[in-house]
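Subject: Structure handover

Hi,

Here is the structure I promised to pass on.

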Amino acid sequence: MASLLIVFIVIKSLPPLLSWFVLDASDKVLGRLATKIADRIRGKDKPSFTPHTDGGDYVIVVNAEKVKVTGSKFTDKKYYTHSLYPGGLKTRTFKDLNEQNPEKIIENAVKGMLPKNKLRKEIIKKLKVFKGPDHDHESQKPINWNPTI
């Protein structure tokens, strides 16, 4: 029985070249946007990608409250949190969460698309989400990124 051997070349002597990208989430579909962001912060778009290292870029998302969902998810989609006490289940709809804390919507969508291991905690730190068109990372000189969605 033949097996397939996959080899990843790791260059440890060079530090990863990390860039900063700014993305406008206005009128973009949530799931399609989240997949592009997850690939960028994980580093899957680079030729030096290795699954066990953190070599992705930083992504700044602005206008998080203007993200779109398809179908009837705007009123029907629910987000659950539990306090770990009996009866501690809290349910919020997409509409309520979009009014109160729209940053959490994009963060939860991207976090769900990352690998479920210790590296996820480090990768998700590269995502910065802001409500409105302004952000706090002008000193990093981010590049405008407009992926085809």
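Which residues does Leu127 touch, leaving out those up to four places away in sequence? The contacts are Ile37, Ile41, Val59, Val61, Glu107 and Val110. Before going further, please keep in mind that this is a predicted model.

**Overall fold**

The chain has 149 residues, and 36% of them count as buried. Its secondary structure comes to 5 helices and 6 strands. In sequence order the pattern is β-α-β-α-β-β-α-α-α-β-β. The C-alpha trace spans about 45 × 45 × 30 Å along its principal axes. Among contacts with a separation of 6 or more, 70% join residues 24 or more positions apart.

**Cores**

Leu127 belongs to the largest nonpolar core, which holds 27 residues. Leu127 is also one of the members that touch the most other members, along with Leu30, Ile37, Ile41, Val61, Ile106 and Val110. Several elements give two or more residues to this core: the strands β1 (20–24), β2 (58–62) and β5 (127–129), and the helices α1 (30–42), α3 (94–100), α4 (102–111) and α5 (118–123). The top contributor is α1, with 6 residues. There is also a second, separate core of 5 residues. Its members include Trp20, Val22, Ile60 and Val62. As general background, nonpolar side chains in soluble globular proteins tend to be buried together.

**A buried aspartate**

Look next at Asp57. It lies in the loop between α1 and β2. Is Asp57 buried or exposed? Asp57 has a relative accessible area of 4%, under the 20% cut-off, so it counts as buried. Its side chain reaches the backbone nitrogen of Ser19 at 3.0 Å. Not counting residues up to four places away in sequence, Asp57 touches Leu17, Leu18, Ser19, Phe21, Arg40, Ile41, Lys46 and Lys126. Ile41 is therefore a contact of Asp57, and Leu127 touches Ile41 as well.

**Second largest pocket**

What is the volume of the second largest pocket? The value is about 160 Å³. Its lining is made up of Tyr79, Tyr80, Thr81, Lys90, Arg92, Leu97, Lys104 and Asn108. By element, β3 (78–82), β4 (89–93) and α4 each give two or more residues to that lining. The largest share, 3 residues, comes from β3. By type, the lining divides into 3 nonpolar, 2 polar and 3 charged residues.

Most residues other than glycine have a negative phi. Two residues here are worth a look on that point.

- Asn63 has a positive phi, near 60°. It is found in the loop between β2 and α2 (73–76). At 7% relative accessibility, Asn63 is buried.
- Leu84 has a positive phi too, near 70°. Its place is in the loop between β3 and β4. Leu84 counts as exposed, because its relative accessibility is 77% and the cut-off is over 50%.

**Where to start**

1. Leu127 and its contacts, Val110 among them.
2. Asp57 and the backbone nitrogen of Ser19.
3. The lining of the second largest pocket, including Lys90 and Arg92.

Best wishes

Methods: Residues are numbered from 1 along each chain as its sequence is written. This is a predicted model: local features need pLDDT of at least 70, side-chain atom pairs count only at pLDDT 80 or more; totals for chains, interfaces and linings use all residues. Side-chain values use heavy atoms; hydrogens and water are left out. A nonpolar core is a set of buried Ala, Val, Leu, Ile, Met, Phe, Trp, Tyr and Cys residues joined through side-chain atoms within 4.5 Å. Buried means under 20% relative accessible area, exposed over 50%, partly exposed in between (1.4 Å probe, protein chains only). Helices (H or I, at least four residues) and strands (E, at least two) are DSSP runs, numbered from the N terminus. Contact means heavy atoms within 4.5 Å. On a 1 Å grid over the protein atoms alone, a cavity is a set of points where a 1.4 Å probe fits but cannot get out, and a pocket is an open set with protein on both sides within 12 Å along at least five of seven lines; lining residues have an atom within 4 Å of a point. Grid points are joined across faces, edges and corners, and a volume is the space filled by probe spheres set on the points. Ala, Val, Leu, Ile, Met, Phe, Trp, Tyr, Cys and Pro count as nonpolar, Asp, Glu, Lys and Arg as charged, and the others, Gly among them, as polar. A polar contact is a pair of N or O atoms within 3.5 Å; within protein, one must be able to donate a hydrogen and the other to accept it, and residues adjacent in sequence count only if both atoms are side-chain atoms.
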